[in-house]
Amino acid sequence: MNILVINWTWYPSGGDWTYVENVVDLYEQKGHHVIPFSMKDDRNFPSPYSDYFIENIDYKKINRRSITQGIKVVSKSIYSTEAQKNLEQLLNDVKIDFAHINVIHHYITPTILKILKEKNIPIIWTLHEYTPICPESTFISHDQICERCFGGAFYNCITHSCKKGSYLASTVAALENYVHKYLNYYEYVDHYVCPSVFLYEKFRSFNFFADKLVQLYHGYDYTEIAAAALKPRLFAEKYIVFVGRLEKIKGAHTILHAMQQCPDIELKIIGTGTQEQVLQEFKETNGLNNVTFLGKKTKQETLQIINGAEFLICASEWYEVLGFTVVEAMALGKPVIGSAIGAIPEMVIDGQTGLLFEPGNYNQLAEKIRLLYADSQQIAELGKNAQQHINQLINTQKHFEGLQKLIPGL
């Protein structure tokens with residue numbers, strides 16, 4: 001089969017790309033041909049279909065003085081005639097059996113659904129975030145969980161300046177949701193694939209095409225995990241690790257507060273983000289000599305560092321959709337101390353595959369860190385359980401069998 005896989009990037013760009021890369025490999029291993037449709041970028045992996053990609057959208061222009069350029073960027077982020085035109089040309093040139101959509105909001109936009117429907121192409125959409133029911137995408141407003149837009153009341157995003165604390169950005173986000181709800185192109189999708197029970201239940205509770213929602217955990221190619229497990233430790237000392245974007249919703253600040261109460265425990269932090277300088281300053285101001293910022297690392301380096309750690313901390317403070325960092329740590333036989341929010345408890349079973357704590361509660365987190373760090377037997381036991389659990393939950397064969405039920409002939 002010729003499978004059209006659509007995503008806003010065609011290069012490593014986060015958890016959504018981890019899934020895209022895995023599912024593309026899976027399709028190809030099963031003998032299918034993948035045709036990508038994305039946005040042009042110098043970082044993209046080469047593709048014979050890149051001429052069909054849309055031009056890169058530069059959101060920085062919204063913050064510049066050129067009102068004309070800003071309006072162009074905003075209009076393209078809501079309704080992309082370019083994406084429609086380019087996709088239509090691609091479909092005229094290449095026979096497509098079905099389309100698999102991933103992240104397209106703000107860039108390729110849901111307007112392409114109309115083109116696919118007109119060609120009678122079956123559509124599945126793997127949901128990686130909450131944009132169709134939350135203009136801000138994460139259910140976070142000013143660092144707090146927010147569900148005020150329930151029932152399509154997207155104006156709340158504007159009145160509370162939820163998007164980046166900006167009235168303009170929030171207005172654009174809300175307008176985008178209103179336009180797509182009015183056009184109702186979402187109706188053209190045959191199945192919405194939900195990577196976790198939490199996301200599935202959240203979309204159901206918001207009355208978003210409940211009859212089209214399908215809960216199906218991601219697959220994952222554990223080849224790199226196996227290779228990393230065989231490599232030597234990169235650090236000789238005993239330590240714990242955090243891997244993720246240094247943003248408020250990922251909870252790195254909560255971890256640093258907790259580490260103030262764990263002065264004899266070494267923490268290594270992998271990742272970069274807008275909060276990096278603030279976190280570095282907090283470290284210096286509070287004399288956290290037990291915390292080391294490692295910056296951005298390659299996939300293999302990251303896996304090696306996780307493999308050498310006692311355990312991993314996932315302190316997210318938003319409705320985490322799944323979290324591949326947790327998947328990778330558990331696959332390496334490492335327990336995880338995770339915040340009890342979003343889909344994290346589906347992987348981190350308290351007292352069995354790791355430990356849970358209340359999101360943002362750094363005192364509770366510190367206590368969990370100290371207790372687990374001091375108990376090597378529990379670390380080993382939880383790590384063994386974690387590996388078994390994640391291999392069963394995030395399983396490529398199960399994922400493919402689930403996709404086969406959605407796409408006849410796959």
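Modeller: Valine 214 sits in strand 8, residues 213–215. Bear in mind that this is a predicted model.

Colleague: Is valine 214 buried, exposed or partly exposed?

Modeller: Buried means under 20% relative accessible area and exposed means over 50%, with partly exposed in between. Valine 214 has a relative accessible area of 23%, so this residue is partly exposed.

Colleague: Which residues is valine 214 in contact with, leaving aside neighbours within four places in sequence?

Modeller: The contacts are His191, Tyr192, Val193, Cys194, Tyr200 and Leu406. Strand 7 covers residues 191–194, and helix 7 covers residues 197–205.

Colleague: How do strand 7 and strand 8 run, and how many bridges join them?

Modeller: The two strands run parallel and are joined by 3 bridges. Within this pairing, cysteine 194 is opposite glutamine 215 of strand 8. Between strand 7 and strand 8 the chain passes through helix 7, making a right-handed β-α-β crossover.

Colleague: In what sense does strand 7 pair with strand 4?

Modeller: Strand 4, residues 123–126, pairs with strand 7 in the parallel sense over 3 bridges. Here valine 193 in strand 7 is the bridge partner of threonine 126.

Colleague: Now a loop residue. Where does aspartate 41 lie, between which strand and which helix?

Modeller: Aspartate 41 is in the loop between strand 2 (33–37) and helix 2 (67–78). Residues up to four places away in sequence aside, aspartate 41 touches Tyr11 and Asn56.

Colleague: What joins the side chains of aspartate 41 and asparagine 56?

Modeller: A polar contact of 3.1 Å joins them.

Key: Residues are numbered from 1 along each chain as its sequence is written. This is a predicted model: local features need pLDDT of at least 70, side-chain atom pairs count only at pLDDT 80 or more; totals for chains, interfaces and linings use all residues. Side-chain values use heavy atoms; hydrogens and water are left out. Helices (H or I, at least four residues) and strands (E, at least two) are DSSP runs, numbered from the N terminus. Buried means under 20% relative accessible area, exposed over 50%, partly exposed in between (1.4 Å probe, protein chains only). Contact means heavy atoms within 4.5 Å. Two strands pair if DSSP finds at least two bridges between them. A crossover is right-handed if, with the strands pointing away from the viewer, the path from the first strand over the helix to the second runs clockwise. A polar contact is a pair of N or O atoms within 3.5 Å; within protein, one must be able to donate a hydrogen and the other to accept it, and residues adjacent in sequence count only if both atoms are side-chain atoms.
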